Amino acid sequence: MSELGLNTISFAGHAASSAQFRALYSEGMSLVEETAGYLDGQGRVASKVLPRMASVLYAAESMRLTTRLMQMASWLLLQRAVNNGEMSRDQVLAEKNKVRLDGFNVDRTAPGWNDLPESFRDLVERSLRLQNRVAILDREIYRPTEAAIVPDNQNSVKAQLTLLQTAFGGN
């Protein structure tokens, strides 16, 4: 049964269709709505009174923020579709390749960063934390299966414990 790692348990696969995923989905979509409301309202007003350098940075960061959130929302919608049986895993894999979950980092040392509205910086920070959580889940769900292969001569429980120790830095 250890052939090809068939006896390993995919915790991420179970998490992707669990209450934790539903909470992550809700958090992600709420952040998208909150950000849209902020950028169209309070953020628009606040951006008009920023110093020039902060104003340019605000424009650039708001585009990055919007892009980051749209990419995450796309991933969350794809995962929900596969969880609900609306799409097959292969269909999601094909569409998922269009979604970028990395490369949208922020330079907190950029001139004007500290002049940005605190509520805007909070949205950016929250989006980065959410992006990281989604990216980790994505890697765990869709990583190549050869990473989970257990040698025939190794105890599968011991292999799982080793994987957990590696993942959580245990000794």
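**Fold and contacts**

Analyst: The protein chain has 7 helices and 0 strands, where helices (H or I, at least four residues) and strands (E, at least two) are DSSP runs, numbered from the N terminus. This is a predicted model, so local features need pLDDT of at least 70 and side-chain atom pairs count only at pLDDT 80 or more, while totals for chains, interfaces and linings use all residues. Residues are numbered from 1 along each chain as its sequence is written, and side-chain values use heavy atoms, with hydrogens and water left out.

User: What does the chain average in pLDDT?

Analyst: The average is 81, and 73% of the residues score at least 70. pLDDT is the predictor's confidence in each residue, from 0 to 100.

User: Ok. How much of the chain is buried?

Analyst: Of the 171 residues, 37% count as buried. Buried means under 20% relative accessible area, exposed over 50%, and partly exposed in between (1.4 Å probe, protein chains only). As for contacts between residues at least 6 apart in sequence, 78% join residues at least 24 apart.

User: Which residues touch the most other members in the largest nonpolar core?

Analyst: Trp75, Leu76, Leu116 and Phe120, out of 36 residues in that core. Helices α2 (19-40), α4 (52-83) and α6 (118-142) each supply at least two of its residues. By nonpolar core I mean a set of buried Ala, Val, Leu, Ile, Met, Phe, Trp, Tyr and Cys residues joined through side-chain atoms within 4.5 Å.

User: Let's take Leu76. Where is it, and what does it touch?

Analyst: Leu76 is in helix α4 and counts as buried, at 1% relative accessibility. Leaving out residues up to four places away in sequence, Leu76 touches Phe21, Leu24, Tyr25, Gly28, Met29 and Val134. Leu76 and Gly28 are 48 residues apart in sequence, with 7.8 Å from C-alpha to C-alpha.

User: And what does Phe120 touch?

Analyst: With residues up to four places away not counted, Phe120 touches Tyr38, Leu39, Tyr58, Glu61, Ser62 and Leu65.

User: Switching to packing: how do α4 and α5 cross?

Analyst: Their axes come within 9 Å and cross at roughly 170°, α5 being residues 89-96. That makes α4 roughly antiparallel to α5, a label for angles over 145 degrees. The axes are lines fitted to C-alpha atoms, for helices over the stretch in contact, and angles run from 0 to 180 degrees between N-to-C directions.

User: Which residues make the contact?

Analyst: Trp75, Leu78 and Val82 come from α4, and Arg89, Val92, Glu95 and Lys96 from α5. By class, that contact has 4 nonpolar, no polar and 3 charged residues.

User: What about Asp138: buried or exposed?

Analyst: Buried, with a relative accessible area of 11%. Asp138 lies in helix α6, and beyond its neighbours within four places in sequence it contacts Trp75, Lys96, Leu101 and Arg143.

User: Last one, Arg52: buried or exposed?

Analyst: Exposed, with a relative accessible area of 70%. Arg52 is found in α4, and its C-alpha is 8.4 Å from that of Gly112, 60 residues apart along the chain.

Conventions: Contact means heavy atoms within 4.5 Å. Angles under 35 degrees count as roughly parallel, over 145 as roughly antiparallel, 65 to 115 as roughly perpendicular and the rest as oblique. Ala, Val, Leu, Ile, Met, Phe, Trp, Tyr, Cys and Pro count as nonpolar, Asp, Glu, Lys and Arg as charged, and the others, Gly among them, as polar.
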